[in-house]
Each structure stands twice: as C-alpha cells, then as structure tokens.
Amino acid sequence: MWQEIKTEMELQAFMEKLHFFHDSCIKEIQYISGAYVNAELRMHAINDRRLLRVLVQRQCAELATLELEFGGLKYMNLIPLDETYTCEILAAALYFQDGYIYWCDKTADDAQDAGPFESILICAERLRWRPTA
C-alpha cells in the first residue's frame, strides 16, 4: 500500500524509520513520461505523468526493499558511479522547499561540499512510498 509524504512530520518520521537511508543503494530507476504512440501510430506527445520510480534496497531487516515514487517530476540529476567506486548511500537528505519535495543521496552538508552535480538529486511535486518484497 502506497503511503504519501505530505507534511514535515511525515517526512521526518519516514527518514528516521529508514535511518536516513544509511547503508542503502539504488537498485533500479524507472521513468514514466505519459507520452505514447497508439495502435493507429498517433502520438500523444505530452509528458502528463512524469513519474519516477526508485527501487531502494537496505542492509536492514525492516523495510529491506522499498519503492519511492516521485510524482510530477521537475528534474533529476543522475551521476552513476562506475565500477571502480562503491555506490552505497551513507545518508540522504529529504526536504520540502518552494512547494516541491527534494531527495538527495547525500546529506545537505555532504552535497554542499561535493558540489551540485556530484550526487543524485530528485525534485518533484509529491512523493509516496511502499515496501516491496
């Protein structure tokens, strides 16, 4: 069952429950634009869905795997590390700003030290999550 994060209190409880994503990794990412070509080869070329689904796995028995769904995606910065580096998430930041919700695979301090283009950054209108098997 999906659980939406709408308030600062829900956001803080979620982050605490996940220990701020400590010892996590992103396993998969899926983007759904809403655009398509129908059977008559007519294109619906409008990004009217803009959903980003992120499958996260954790080294924790509780909520070992969960799916994040960012709705109304505004942007995503993806910098995948190559095989010579590890990609575990030691801590993440999740916050509301200017009517949007942001998720970053680094804490606010780490992201600032690393620079804006050296981390994964997601900005969307809303966020919901669910545990997965």
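This is a predicted model: local features need pLDDT of at least 70, side-chain atom pairs count only at pLDDT 80 or more; totals for chains, interfaces and linings use all residues.

Colleague: Noted! Where is M43 found?

Modeller: M43 is found in strand β4, which covers residues 43-44.

Colleague: And is M43 buried or exposed?

Modeller: M43 counts as exposed because its relative accessibility is 61%, and the cut-off for that class is over 50%.

Colleague: What about V37, which strand is that in?

Modeller: V37 sits in strand β3, residues 36-37. With 45% relative accessibility, V37 counts as partly exposed.

Colleague: Which residues does V37 contact, leaving aside its neighbours within four places in sequence?

Modeller: Those are R42 and M43.

Colleague: New topic: backbone angles. What is phi of R50 near?

Modeller: Phi of R50 is near 50°, a positive value in a residue other than glycine. R50 lies in the loop between β4 and β5, and β5 covers 51-58. As for the surface, R50 counts as partly exposed, at 23% relative accessibility.

Colleague: And what is phi of D98 near?

Modeller: For D98, phi is near 55°, again a positive value in a residue other than glycine.

Colleague: Where does D98 lie?

Modeller: D98 is in the loop between β7 (93-97) and β8 (100-104). With 68% relative accessibility, D98 counts as exposed.

Colleague: Let's go inside. Which residues touch the most other members of the largest nonpolar core?

Modeller: That core has 24 residues, and F14, F21, L68, F70, L94 and W103 touch the most other members. The elements giving two or more residues to this core are α1 (8-17), β5, β6, β8 and β9 (121-131).

Colleague: Let me pick F14. What is F14 in contact with, leaving aside its neighbours within four places in sequence?

Modeller: F14 is in contact with I5, F21, L66, L68, L94 and W129.

Colleague: How many residues are in the second core?

Modeller: Five residues make up that separate core, and A93, Y102, L121 and C123 are among them.

Colleague: A cysteine! How many disulfides does the structure hold?

Modeller: The structure holds zero disulfides. C104 is in no disulfide, and the nearest cysteine sulfur to its own is that of C123, 12 Å away.

Colleague: Remind me, what is a disulfide?

Modeller: A disulfide is a covalent bond between the sulfur atoms of two cysteines.

Colleague: So why is the sulfur of C123 too far for a bond?

Modeller: The closest cysteine sulfur, in C104, is 12 Å from the sulfur of C123, which is too far for a bond, because a disulfide needs the sulfur atoms within 2.5 Å.

Colleague: Are those two cysteines buried or exposed?

Modeller: C104 is buried, with a relative accessible area of 5%. C123 counts as buried too, at 2% relative accessibility.

Colleague: Last one: where does T65 lie?

Modeller: T65 lies in strand β6, residues 65-77. T65 is buried because its relative accessible area is 13%, and buried means under 20%.

Colleague: Which residues does T65 touch, not counting those up to four places away in sequence?

Modeller: T65 touches L55, V56, Q57, P131 and T132.

Technical notes:
Residues are numbered from 1 along each chain as its sequence is written. Side-chain values use heavy atoms; hydrogens and water are left out. Helices (H or I, at least four residues) and strands (E, at least two) are DSSP runs, numbered from the N terminus. Buried means under 20% relative accessible area, exposed over 50%, partly exposed in between (1.4 Å probe, protein chains only). Contact means heavy atoms within 4.5 Å. A nonpolar core is a set of buried Ala, Val, Leu, Ile, Met, Phe, Trp, Tyr and Cys residues joined through side-chain atoms within 4.5 Å.
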